[in-house]
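Here is a quick tour for anyone meeting this protein for the first time. Have a look at the picture, then read on.

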Amino acid sequence: MINKIETVSLKTLGCRLNQSESDCILDSLIKNGLTHVSDDQNPDLIIINSCAVTKQAEAKTRGAITAAKKKSPMGKLVVVGCYPQESAEKVLAIPEVDLVLGNHEKYKIIDYLPSLEKISHEEKEHCVSNMLDSNVDNYTFPIANICSAGSTTRAFMKVQDGCGYFCSYCIIPYLRGSVRSRNISDCIDETKLLVDKGYKEIVLSGINLGTYKAETGENLAGLLKKMLAETDIKRIRLSSIEPNLISSDLLEIIAHEKRICRQLHIPLQHGSDRILKLMNRKYKSSDYKSLIEKIKNQIPDICIGADVIVGFPGERDDDFFEMLKMLEDLALSYLHVFRYSKRPGTKASQFKENVKNSVKKERSKILRDLSLKKQKKFFDSFVNEKLEVLFEKKDKHGFYIGHSDNYIEVAVKNNKNLINQIIYVKVCKVLEDKVEGELLVE
Ligand code: SF4
């Protein structure tokens, strides 16, 4: 039995946004006197910041709960975020869990500690607001003073939350609520804080980042302009943006501002217009194709990635091959391939024509192989070229590992410590998942 909760460990599952939110949760607990420890140091409090975007994500969350409790049997276990938001009952039914908090409540764990200290394991607590009803604004964008545990080079900064698109397969609007944007002065303050702490790169994150709209009227391009003008951050990278939200203004900035990374992740989801319509996406395949061509013409060395889903209900062979052909032709650098996973409560969960698992697997393999080919082709195009790399760590073989602004992983052998430095590298050869290079300037 724990008398006083003094130490905490935190495990994050899912997206980059969850990571940045975990940093905020941890920061507030540390400010309230708790000590952050690793999960093998018998923490008094174990937090699992969960994901429920797919069935697999839920299974991973359950696995993380069991593993954490095995390591620290005496710790109180709190599950927060999207899995409780999707089904508090399912999480409460997991024997190891002591407290369950939703997306609205997760920043207030500190308020629950006194009762958590008192209750026995049999008496569970939970609090999960309906994200579509509640007034969530006050707790959406706390400023973190520590960022991106495990990284001292790149910080994820949440500037937007929620989504009102309601794609038919997606549970996120129900878990995250309506669109909210962080005000610009807070974004600038946090950027300055991160620069002072030595971070070189900030990744702007959101659930539907392209819908960013500040109280003062600025859109995402406006936010970037202000961050460039008012802070000394060396690099800004954008997380995923919906294709219909990529403005000419945004492309202008990426094309002309060296401090904005030349990388865009633009979800496609499918290449058949019939399926895109069933998915309730806001564009046709021809719009997406024209967009990629326009971007590549304007910013030739840009890295463009895409999410695609195979096995959406009703996806026939001809739909899949239409998507395959489209993807083969497009100048994308990599694909994130997802197998459709039914999410109860979504419109698509009512659709009847389910695709067999074996077919989903086969289609997914074809697209993953294509992704590897595309990645290799992209890497090959930089052999003997110069890339600007931010080094993040040293691997066990003695290579310094970093990423170029256009998101190529680069390995370099060097005697001096390169971590957290931005340096030009000449690409010498292409390895399986990265390139090897040599420093041009030490
Ligand atoms: S844009 Fe569509 S896929 Fe993305 S979070 Fe919103 S509903 Fe989900």
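Which helix is lysine 55 found in? Lysine 55 is part of helix 2, which covers residues 55-71. Keep in mind that this is a predicted model.

## Lysine 55 and its contacts

Let's stay with lysine 55 for a moment. Setting aside residues up to four places away in sequence, lysine 55 touches Ser341, Lys342 and Arg343. Take lysine 342 from that list: 287 residues separate lysine 55 and lysine 342 along the chain, yet their C-alpha atoms are separated by 7.6 Å.

## The whole chain

Now for the overall view. The protein chain has 13 helices and 19 strands, and the chain is divided into domain 1 (7-127), domain 2 (136-261) and domain 3 (386-439). Between the C-alpha centres of domain 1 and domain 3 there are 35 Å. Along the principal axes, the C-alpha atoms of the protein chain fill a box of roughly 60 × 60 × 45 Å.

Does the chain's radius of gyration agree or disagree with that of a compact globule? The two agree, because a compact globule of 442 residues would have a radius of gyration near 22 Å, and the protein chain has 22 Å. Contacts tell us something about the fold too: of those with a separation of 6 or more, 73% are between residues 24 or more positions apart.

## Inside, outside and charge

How much of the chain is tucked away? Buried residues make up 55% of the 442 residues. As for the surface, the protein chain exposes about 19600 Å², and carbon and sulfur atoms supply 50% of that area.

On the charge side, the chain carries 67 positive and 61 negative side chains. The centres of these two sets lie 3 Å apart.

Tyrosine 334 sits in strand 14, which spans residues 334-339. Tyrosine 334 counts as buried because its relative accessibility is 11%, and the cut-off for buried is under 20%. Beyond its neighbours within four places in sequence, tyrosine 334 is in contact with Gln263, His265, Cys303, Ile304, Gly305, Ala306 and Ser371. Glutamate 6 is another story: tyrosine 334 and glutamate 6 are 328 residues apart in sequence and 44 Å apart in space, C-alpha to C-alpha.

Tyrosine 212 lies in a loop, the one between strand 10 (201-205) and helix 8 (220-230). Is tyrosine 212 buried or exposed? With 1% relative accessibility, tyrosine 212 counts as buried. Leaving out neighbours within four places in sequence, its contacts include Val159, Gln160, Ser181, Arg182, Cys187 and Leu223. From tyrosine 212 to glutamate 190 it is 22 residues in sequence and 17 Å in space, C-alpha to C-alpha.

## A serine in helix 13

Serine 364 lies in helix 13. Its relative accessible area is 3%, so serine 364 is buried. What does serine 364 touch, not counting residues up to four places away in sequence? The residues are Val310, Val337 and Arg339. Valine 308 makes a handy distance check: serine 364 and valine 308 are 56 residues apart along the chain, and their C-alpha atoms are separated by 9.3 Å.

## Two residues with a positive phi

Most residues other than glycine have a negative phi. Glutamine 269 has a positive phi of about 75° although it is not a glycine, and asparagine 384 has a positive phi of about 70°, again without being a glycine.

Where are these two? Glutamine 269 is in the loop between strand 12 (263-265) and helix 10 (273-278), while asparagine 384 is in the loop between helix 13 (357-380) and strand 15 (386-394). Their surroundings can be read from the accessibility values. Glutamine 269 counts as buried because its relative accessibility is 8%, whereas asparagine 384, at 54%, counts as exposed.

Notes
Residues are numbered from 1 along each chain as its sequence is written. This is a predicted model: local features need pLDDT of at least 70, side-chain atom pairs count only at pLDDT 80 or more; totals for chains, interfaces and linings use all residues. Side-chain values use heavy atoms; hydrogens and water are left out. Domain bounds come from an automatic or database domain assignment. Helices (H or I, at least four residues) and strands (E, at least two) are DSSP runs, numbered from the N terminus. The radius of gyration is taken over C-alpha atoms; the globule rule is 2.2 Å times the number of residues to the power 0.38. Buried means under 20% relative accessible area, exposed over 50%, partly exposed in between (1.4 Å probe, protein chains only). Contact means heavy atoms within 4.5 Å. Accessible areas come from the Shrake-Rupley method with a 1.4 Å probe; for residues, only the protein chains shown count as cover. Lys and Arg count as positive and Asp and Glu as negative; His and the chain ends are not counted. The place of a charge is taken as NZ of Lys, CZ of Arg, CG of Asp or CD of Glu.
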